[in-house]
Amino acid sequence: MSTLNKRIQNYMLERKRHRTRLVTKDGRCNIEYGNIKYSTHVAFLIDFWTTFVEIRWRFVLFFFIASFTLSWFIFGLLWYWIARGNGDLTWQEPPSNHISCVYNVDGLTTAFLYSLETQTTIGYGGRAITAECPAALALIIIQSLLGAIINCFMCGIILSKISLPKKRAKTITFSEMAVISPRNGSLCLSIRVANLRKTLMIGSQIYGKLLRTTTTPDGETIIMDQVNVDFLVDCGKDNLFFVTPLTLHHIIDKSSPFFDMAVDTLHEKEFELVVFLDGTAESTSSSCQVRTSFIPQEIMWGYNFLPIISKSKEGKYRVDFSNFSKLVPVATAHCAYCYHNIKGSHLHSREGHDNPGFEVIEIDNPPNVINM
């Protein structure tokens with residue numbers, strides 16, 4: 001029972017974290033819009049192409065099937081109306097020397113079949129138009145043109161959805177965790193990112209935003225206060241050579257929003273670090289953006305990533321993705337103040353209790369104490 005309760009608690013905690021994210025781990029924005037004026041919906045209809053490209057596949061398939069089926073049925077009714085006007089139907093008992101507008105169209109079912117054959121250019125040969133009815137000639141021209149427009153539009157929608165740049169972003173992945181550890185003489189927050197395809201992302205740029213709730217000196221509460229977080233690699237931060245997995249670093253200095261955090265207060269904070277990677281796909285020349293986010297519980301203080309790049313005996317470079325998100329503990333200062341040896345009034349204590357006046361105090365259940 002205790003194991004089951006623990007699993008339930010972990011599941012509920014994970015659901016709560018998922019709901020509170022602005023950006024999910026796979027880059028989707030967790031936001032909804034309410035109280036939109038009815039007139040605003042007209043803008044979505046005017047920009048119908050973007051609306052169709054962005055809707056879900058189930059709706060695209062529904063409109064695909066509905067547009068063709070409905071057009072076949074409507075034109076089938078028109079062909080039935082023309083045949084009835086000319087006296088071609090069976091129940092009208094046409095004479096033996098009667099010339100029909102369309103051969104073998106003598107009912108609603110055959111009119112629908114002729115409409116389908118005309119618009120899809122199947123042409124089985126059993127039904128064919130004659131020169132008896134001018135209205136039939138006009139209708140076949142209209143249906144052929146409208147059928148071509150529907151074909152072009154629906155094929156364009158499907159091709160556009162298949163080739164969306166965000167599909168390329170699915171082959172770029174970030175590490176599940178971020179780490180804080182010393183690197184090159186600085187305390188850094190590091191994130192690992194990998195391109196799963198061999199084709200490059202041209203002109204790649206990386207940057208981040210720290211989202212948190214703050215209160216201004218005037219008492220105004222800002223729900224989504226955004227703070228810039230700069231990332232770089234050893235070669236810089238622009239035009240990355242993104243052929244192998246890269247480790248992105250954010251230097252935690254006095255200008256960093258992480259400077260006032262410590263190992264024992266990090267997970268108590270409420271913020272979300274959103275990381276963006278912009279680039280152009282080499283194969284399609286389409287720009288795309290990859291997003292992910294990290295909450296305090298996904299930032300590990302005092303850890304570093306395992307190396308994943310090696311060189312084989314044949315001289316080829318090998319990337320071992322089994323170690324992509326694996327971490328190893330490293331010696332790290334308790335906080336940024338401690339790392340830079342800055343004397344400040346920071347109140348970070350490592351499982352200790354402040355007692356400036358050396359007064360006698362009682363401590364219940366002292367941490368890390370083993371009764372002998």
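Colleague: Hi! Where is asparagine 104 placed?

Modeller: Asparagine 104 is in the loop between α4 and α5 (108-119). Helices (H or I, at least four residues) and strands (E, at least two) are DSSP runs, numbered from the N terminus. This is a predicted model, in which local features need pLDDT of at least 70 and side-chain atom pairs count only at pLDDT 80 or more, while totals for chains, interfaces and linings use all residues. Residues are numbered from 1 along each chain as its sequence is written, and side-chain values use heavy atoms, with hydrogens and water left out.

Colleague: Thanks. What is phi of asparagine 104 near?

Modeller: Near 65 degrees, a positive value in a residue other than glycine. Threonine 121, in the loop between α5 and α6 (134-162), has a positive phi too, near 55 degrees.

Colleague: Is threonine 121 buried or exposed?

Modeller: Exposed, because its relative accessibility is 68%. The cut-offs are under 20% relative accessible area for buried and over 50% for exposed, with partly exposed in between (1.4 Å probe, protein chains only).

Colleague: On to α4, then. How far apart are its end C-alpha atoms?

Modeller: They are 42 Å apart, which agrees with the 42 Å that its 29 residues should span at 1.5 Å a residue. The expected span is 1.5 Å times one less than the number of residues.

Colleague: Which elements do its buried residues pack against?

Modeller: They pack against α3 (48-54), α5 and α6, where contact means heavy atoms within 4.5 Å. Among those buried residues are Val60, Ser71, Gly76 and Ile82.

Colleague: And which aromatic pair do phenylalanine 68 and tryptophan 72 form, stacked or tilted?

Modeller: A search of the whole structure finds twelve aromatic pairs. Phenylalanine 68 and tryptophan 72 make a tilted one, 6.1 Å centre to centre with 45 degrees between the planes. Both lie in α4, four residues apart, about one turn of the helix, and both are buried. Rings of Phe, Tyr and Trp (its six-membered ring) pair if their centres lie within 6.5 Å; planes under 30 degrees apart count as stacked, over 60 as edge-to-face and the rest as tilted.

Colleague: What about phenylalanine 258 and phenylalanine 271?

Modeller: That pair is edge-to-face, at 5.7 Å centre to centre and 80 degrees between the planes. Phenylalanine 258 lies in the loop between β7 (246-251) and β8 (271-281) and phenylalanine 271 in strand β8, so the pair ties together parts 13 residues apart in sequence.
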